[in-house]
Amino acid sequence: MSLEASFLTLEQLVHVFALSKTATAIHIGEDAKIQFANEAMLHIWGRDKSVIGKSLEDALPELKGQPFIEMFAKVWREGLTISGNDTAAELVINGELKTFYFDFEYRAIKDENGKVISVLHSAIDVTERFLNREELNQAKENKELLLREQSLNEELAAANEEMLAINEELSKSREELTLLNDELEKRVEERVKEFAESEERFRTMAEGTDVLIAVSDVNGKPFYFNKAWSKTTGRALKKLLEKGWIDLLHPDDKEDYLAAHRNALVDKVSYTGEFRVKDAEDNYHWLLKKGTPRFFNDGSFIGYISSCVDITERKLAEKALQEIHEELATSNEELSALNEEITSSIEELELSHRELAISEDRFRNLIKQAPFGICVIRANDLMVIEVNDEYLEVVGRKREEIENRTIWDAVAEAAESYAPVLQNVVDTAIPFKAMEHEVVLVKNGIPKSVFLDFVYEPVSNGLGTVSSIMVVVIDVTDKVKARRAIEDVEERVRLAVEAAEMGTYEYNYISDELTSSDRFNQIFGFDHNVSRNQILATYHPLDKNLSDEAHEKAKITGRLFYETRLLFADQSLRWVRILGKVYYNEFGERTRLLGTVLDVTEYKRLQQQKDDFISIASHELKTPITSLKASLQLLERMKANPTPLLPRLIEQSTKSMGKISELVEDLLNVSRMNEGQIRLNKKPFVIAGMLENCCGHIRQEGKYELVVEGNETLEVLADEHRIEQVVVNFVNNAVKYAPDFKQIFIAVERLGDVAKVAVIDKGPGIAPDKLPHLFDRYYRADETGAQVSGLGLGLYISSEIISRHGGEIGVESELGKGSTFWFTLPLS
Ligand code: ADP
């Protein structure tokens, strides 16, 4: 062998490596493809040479999920060296996955350019070493644990001893506790008793006090009210418990109180409040309430106890005080305002004082020259301080009688009526106005009634009080008298027009306007004003031209007068009389006419009746006068040699004369009656006696039979001659109007305190519509159509005679059956 050692070939080198005990492998590329692995490495991997040329992952699939493949890649990419000690790797050896521990290195091998060409992988299996160390560590730990347990045990033993001691103490204190418990129970019992007593005390106290006390539960709902509550609210305790008392709160206080109560309840604190509650009479009481929360000893809340005190009086006093305060404040303000005003007024006064002096002069002049009476009177003492001549004239006084005197000293006669009035003006500053007051004034010693318009005008000073009164007066006596005279005349005319039921009207010739009174319209059948033409349309066709003719005449005479008939739609007729006065203007033209209209229908009727009567009366008289005249002529002729006719002629004449004097007697009776000249000569007489003797003429004639029936003794107090006249009249009528019936009955009977006499005939009777008029003057029914003579006065005279005796007269009649004429007289 040569001394000089020669370098090994590559194969030799690989061989060397292959034998190295250090597990070595060479990897290429990112996937760590195995280029070389020695026996030691293959042993670690548990693989054979077949893994050469495979990537690490293909060679050792169990490395998937372990960090090594990625480490290789990182070393390859970045040219690093990564190493580790006791690093665990899981490998499948002999088909079993086991954990091994390695010290390893992955070193990047670079070429001269620094490019990584391979990764040198060396590893030593330190599993055994690692495991040993682990075991050692475990043993050490176990030992430490043991030591610790031991010391713990010692501690425990000590503690045990202590426990025993404590236990002893405990059982001792348990005994104490039992004792304590007993004690406590006793005390609780006492407390309960005390509590019951204190509750009793509380109730006695609560019920006896005026303070309103209530107790409520946790929810604030009261479960106790004392008597004072129901006394104040007027609500029974039971109802208070059911319904509470919130509804009795004054509406203005309710919200505040409820809010305060609610808030206090939330925080369980005390609260106070003032509010009003209503009593049974709806009066409000002010209450001051204080609520205090209640707690158990352990601090738990159990509700409230509240007390209320009636503070109404205090409140009222407060209010009064408040009002006084306010008043004081306002009066204070007013005072200071007044003060200011006064200050400025004083200034103004000073200024106006000077102006016043000037205007006073002017005022005096004015009073002096005024066309009416003025008198100025000082208010405080009623002294006259200024008076003008006109006033002196009105009151009829001299200046010295008025000046420097009080007004009622000066005009004493007016004091009674006007002193109070004047004083009222002074007191109230309200003026007094008198219109046409009638005042009696003493002028030159003679009382004279005058009419005055006057005013009491208050004159105020700047401060509003009346300082003087200005009397302004005008004598209106003449004016009032003149007006009253006119009013009197007007009144009289009005009364006359009214009494006469006169219609009045005014007709305007220029405008053809007609203004008329209600009565005027009524007469013409209208109920409203109408035109002249409408009035003319009511005229009777035959009277149509009367109005125009009358107006034509009136044009000259100035007086309008005519009477005309009006014919109405119902064919009724009315007579009117129209009277008027024409008024002219300065040219002598008619301007208007004032007129009256009077309904004269009744007047016309009476006139007609009178005319009729005269014609009847003359006709009635004419018959007996003619026959008397004829008898007298015949007698005249046979005066020289009387013939046997003479006695008959004389008889005839006497009969005619009797007829005439009968008629004249009737006429005289009527006129006497009208003038109230009939004098009654009353004496008691028996009716039957009078009847036996009356109507001699009829009995003598013998044509008719008078049958007297009834009470024969009845006596009346009356004028026998007049009563006989009535009976004769009844009997005559029976003969006249029922000539065919020969019997005439006269019945006498007593009706209470009157006697009734009735004359009964069986003649033709009288129609019912005529009956009411039979006793009227001049009335003649003329039912038969037979011309029976008569003046229509007999029954009228009869009724007058009976009524003057205080009796009644009447008739009952039926057509075809006869008539009963009767009268009554008071018994004597
Ligand atoms: P005179 O007989 O003069 O007409 P009177 O006053 O006596 O007047 O009577 C009034 C009217 O009463 C008479 O016109 C007559 O129509 C009516 N009258 C009076 N008595 C009777 C009678 N007994 N029967 C029917 N009519 C009578």
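I sorted the shell around the ligand by class and got 9 nonpolar, 6 polar and 4 charged residues. My classes: Ala, Val, Leu, Ile, Met, Phe, Trp, Tyr, Cys and Pro are nonpolar, Asp, Glu, Lys and Arg charged, the others, Gly among them, polar. The model is predicted, so to speak for the record: local features need pLDDT of at least 70, side-chain atom pairs pLDDT 80 or more, and totals for chains, interfaces and linings use all residues. Numbering runs from 1 along each chain as its sequence is written, and side-chain values use heavy atoms, with hydrogens and water left out.

Next I looked up who surrounds the ligand: 19 residues, each with a heavy atom within 4 Å of it. The closest are Asn733, Tyr737, Asp761, Arg780 and Leu795.

Then I checked N or O pairs within 3.5 Å. A ligand oxygen sits 2.5 Å from a side-chain N or O of Arg780. For Asn733, a polar side-chain atom is 2.9 Å from a ligand oxygen. Leu795 uses a polar backbone atom, 2.9 Å from an oxygen of the ligand. The protein covers 96% of the 530 Å² of accessible area the ligand has on its own (Shrake-Rupley, 1.4 Å probe).

Key: A polar contact is a pair of N or O atoms within 3.5 Å; within protein, one must be able to donate a hydrogen and the other to accept it, and residues adjacent in sequence count only if both atoms are side-chain atoms.
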